[in-house]
Amino acid sequence: DTLITYFRSWEDYSGQTYEGRFWVRKSTYDSAHRYKQRLPEPANTPEGYDKVIFLLKEHDKLHLIGLYQMFDSIRAVQDLSREGFAEMIVSFVQDIPYTLILPDDCNPALYNDRNIREFLSNPGARCGGNEKYGINSPVEFMATLQGDCDTRTLLLYTLLAHYEYDVVLLSSEVYNHSLIGINLSYSGNAFPLGNQRYVFWETTAPGARPGMLPKEISDVRHWRVSLKSKI
């Protein structure tokens, strides 16, 4: 077996620099990709989508050892609060360049969505095509560093749940977008659920702090919970 290894250096919201090396086994990446390809579940309904991302998360969550080791090493050296540790993890993912993940080829003519066509028409557009469901699983993302909104939120949900945060993965068919929500004492935009508030956290924009949400996607009525880490 071989290791797919990356070295990353990034900053959190206060300008604190972190760096580390993480790895994914090539065999684990191949297994994750085959598992996704074999899934029979359709994802063209909200319920079908939620089932797919749940299965991808469950399959991959024990196979991110190289990433957990990097974060554990950082936590052992840095005196991070509960919020600071979460910010370190989320800013790590935000720092990875955005790549649009699509179920078909990266040809703008294949898509009716205006935003996709405009994105792909940009000469510098990064695109990963022919990925089932238009998503990379957590292991696939860390093996390729290619991810868009739901790929990123699925990884972050998996990571934060591993570290026992109360977190939700939020989806919007209206906004065609995906975010995480975290039950920590941040101010700003939040998704109410029972007696708790889950602060919205954008995963695609470097430097986007928890609670920061553009007005055009801030109507909580258009968001729903796809995954929840704690009952």
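This is a predicted model: local features need pLDDT of at least 70, side-chain atom pairs count only at pLDDT 80 or more; totals for chains, interfaces and linings use all residues.

Q: Which residue of β9 is the bridge partner of valine 168?
A: That partner is lysine 228. Valine 168 also stands opposite glycine 181 in β6.

Q: In which sense do β5 and β6 pair, and over how many bridges?
A: β5 and strand β6 (residues 177-182) are antiparallel, with six bridges between them. Their hairpin has four residues between the strands, and in it asparagine 176 takes a positive phi near 50°.

Q: Is strand β5 largely enclosed or open, and why?
A: Count its buried residues: six of the six in β5 (residues 167-172) are buried, so the rest of the structure largely encloses this strand. Look at the directions too: Val167, Leu169 and Ser171 point one way, while Val168, Leu170 and Ser172 point the other way, and all are buried.

Q: Let me turn to the cysteines. How many disulfides does a search of the whole structure find?
A: First the general idea: a disulfide is a covalent bond between the sulfur atoms of two cysteines. Here the search finds one. It joins cysteine 106 to cysteine 127, with an S to S distance of 1.9 Å.

Q: Which parts of the chain does the pair of cysteine 106 and cysteine 127 tie together?
A: Cysteine 106 is in the loop between β3 (100-101) and α5 (114-121), and cysteine 127 is in strand β4 (residues 127-128), so the bond ties together parts that lie 21 residues apart in sequence.

Q: What is the handedness of the disulfide of cysteine 106 and cysteine 127?
A: Read the torsion about the S-S bond: here it is about -80°, so the disulfide is left-handed. As for accessibility, cysteine 106 counts as partly exposed at 27%, and cysteine 127 counts as partly exposed at 24%.

Q: Now the aromatic rings. How many aromatic pairs does a search of the whole structure find?
A: In general, a pair of aromatic rings is described by the distance of the centres and the angle of the planes. The search finds 13 pairs here. One of them is tyrosine 13 with tryptophan 201, a tilted pair at 6.4 Å centre to centre, with 40° between the planes. This pair links distant parts of the chain, 188 residues apart: tyrosine 13 is in the loop between β1 (3-11) and β2 (17-25), and tryptophan 201 is in strand β8 (residues 196-201). Tyrosine 13 is buried at 12% relative accessible area, and tryptophan 201 is buried at 0%.

Q: How is the pair of tyrosine 175 and tryptophan 223 arranged, and which parts does it link?
A: This pair is tilted, at 5.7 Å centre to centre with 45° between the planes. Tyrosine 175 is in the loop between β5 and β6, and tryptophan 223 is in the loop between β8 and β9, 48 residues apart. Tyrosine 175 is buried at 19% relative accessible area, and tryptophan 223 is buried at 5%.

Q: Which ring does the charged end of arginine 82 sit over?
A: The ring is that of tyrosine 165, with the charged end 3.7 Å from its centre. Arginine 75 lies over the face of phenylalanine 85, 4.6 Å from the ring centre.

Definitions and conventions:
Residues are numbered from 1 along each chain as its sequence is written. Side-chain values use heavy atoms; hydrogens and water are left out. A disulfide is a pair of cysteine sulfur atoms within 2.5 Å. Helices (H or I, at least four residues) and strands (E, at least two) are DSSP runs, numbered from the N terminus. Buried means under 20% relative accessible area, exposed over 50%, partly exposed in between (1.4 Å probe, protein chains only). Two strands pair if DSSP finds at least two bridges between them. Rings of Phe, Tyr and Trp (its six-membered ring) pair if their centres lie within 6.5 Å; planes under 30 degrees apart count as stacked, over 60 as edge-to-face and the rest as tilted. A charge sits over a ring if NZ of Lys or CZ of Arg is within 6 Å of the ring centre and within 35 degrees of the ring normal.
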